[in-house]
Amino acid sequence: MDAVHPRVLGFLGRALSLELTAVQQYMTQASLVGLWGDQASSDRFREETVEEMQHAERIVQQMLSLGAAPAASQLQPVTHAPDLLGLLEQNAELEQQLVSHYDEAARFCRLINDQANGAFFQALLEDEQHHMADLEAWLKELGGRRPRGYSRYGQRSGLSRSVLSERATF
């Protein structure tokens with residue numbers, strides 16, 4: 001087995017953290033919108049959960065094949081929003097992090113001529129770009145994104161996350 005660049009292992013570890021963050025977020029949102037009575041959106045979030053879990057599994061397999069112990073270093077907390085549009089806007093931000101991460105990882109692998117890992121990251125990048133396009137289409141179905149800053153209104157106006165969470169349960 002050839003030595004793997006430590007930065008490639010770092011990209012894999014960060015990717016695992018981001019994918020597991022997405023799993024946690026979509027799983028939570030599936031339950032939340034189910035409580036709101038929106039079964040169609042709940043089912044859609046469950047599908048997203050499965051896709052992101054499959055990505056996490058691929059990353060674990062890749063890390064193991066490279067002789068590295070899989071470790072998600074830091075999961076981001078689940079984000080809150082009082083409505084479906086707000087949840088989707090936050091998901092778009094998380095998906096953009098994934099797209100940017102995979103793009104950077106693929107570019108780095110090309111730079112160091114690591115074709116195998118470059119192809120791995122490129123495939124994940126293409127999956128996430130497709131996922132991002134689906135998410136943007138869903139947002140468009142709901143009328144599109146709100147003006148920047150709207151989703152942060154509760155934070156700026158002094159409303160706590162618990163208040164937003166209480167509102168979200170109705």
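Student: Where is the place of Asp-43?
Tutor: This is a predicted model. Helix 2 covers residues 39–65. The place of Asp-43 is in helix 2.

Student: Is Asp-43 buried, partly exposed or exposed?
Tutor: Buried would need under 20% relative accessible area, and exposed over 50%. Asp-43 has 35% relative accessibility, so the residue counts as partly exposed.

Student: How many Å apart in space are Asp-43 and Ser-31, C-alpha to C-alpha?
Tutor: In sequence, Asp-43 and Ser-31 are twelve residues apart. In space, C-alpha to C-alpha, the separation is 9.4 Å.

Student: What is the order of elements from the N terminus on?
Tutor: The protein has six helices and zero strands. From the N terminus on, the elements run α-α-α-α-α-α.

Student: At what angle do the axes of helix 2 and helix 4 cross?
Tutor: Take helix 2 and helix 4, residues 115–141. Their axes come within 12 Å. They cross at roughly 170 degrees.

Student: Is helix 2 roughly parallel or roughly antiparallel to helix 4?
Tutor: Angles over 145 degrees count as roughly antiparallel. The axes cross at roughly 170 degrees. Therefore helix 2 is, relative to helix 4, roughly antiparallel.

Student: How many charged residues are in the contact of helix 2 with helix 4?
Tutor: The helix 2 side includes Arg-44, Glu-48 and Arg-58. The helix 4 side includes Asp-127, Glu-128 and Asp-134. By class, the contact has six nonpolar and five polar residues, and its charged residues number nine.

Student: Which residues does Tyr-102 touch, not counting residues up to four places away in sequence?
Tutor: Leaving out residues up to four places away in sequence, Tyr-102 touches Ala-15, Glu-19, Ile-59, Phe-121, Leu-124, Leu-125 and Glu-128.

Student: What share of the contacts with a separation of 6 or more comes from residues 24 or more positions apart?
Tutor: The protein has 170 residues, and 42% of them count as buried. Among contacts with a separation of 6 or more, the share from residues 24 or more positions apart is 80%.

Key
Residues numbered from 1 in each chain as written. Predicted model: local features only at pLDDT ≥ 70, side-chain atom pairs only at ≥ 80, totals over all residues. Heavy atoms only, no water. Axes fitted to C-alpha atoms, helices over the stretch in contact; angles between N-to-C directions. Helix = DSSP H or I, 4+ residues; strand = E, 2+ residues; numbered from the N terminus. Parallel < 35°, antiparallel > 145°, perpendicular 65-115°, else oblique. Contact = heavy atoms within 4.5 Å. Nonpolar A, V, L, I, M, F, W, Y, C, P; charged D, E, K, R; others polar. Buried < 20%, exposed > 50% of the residue type's maximum accessible area, 1.4 Å probe, protein only.
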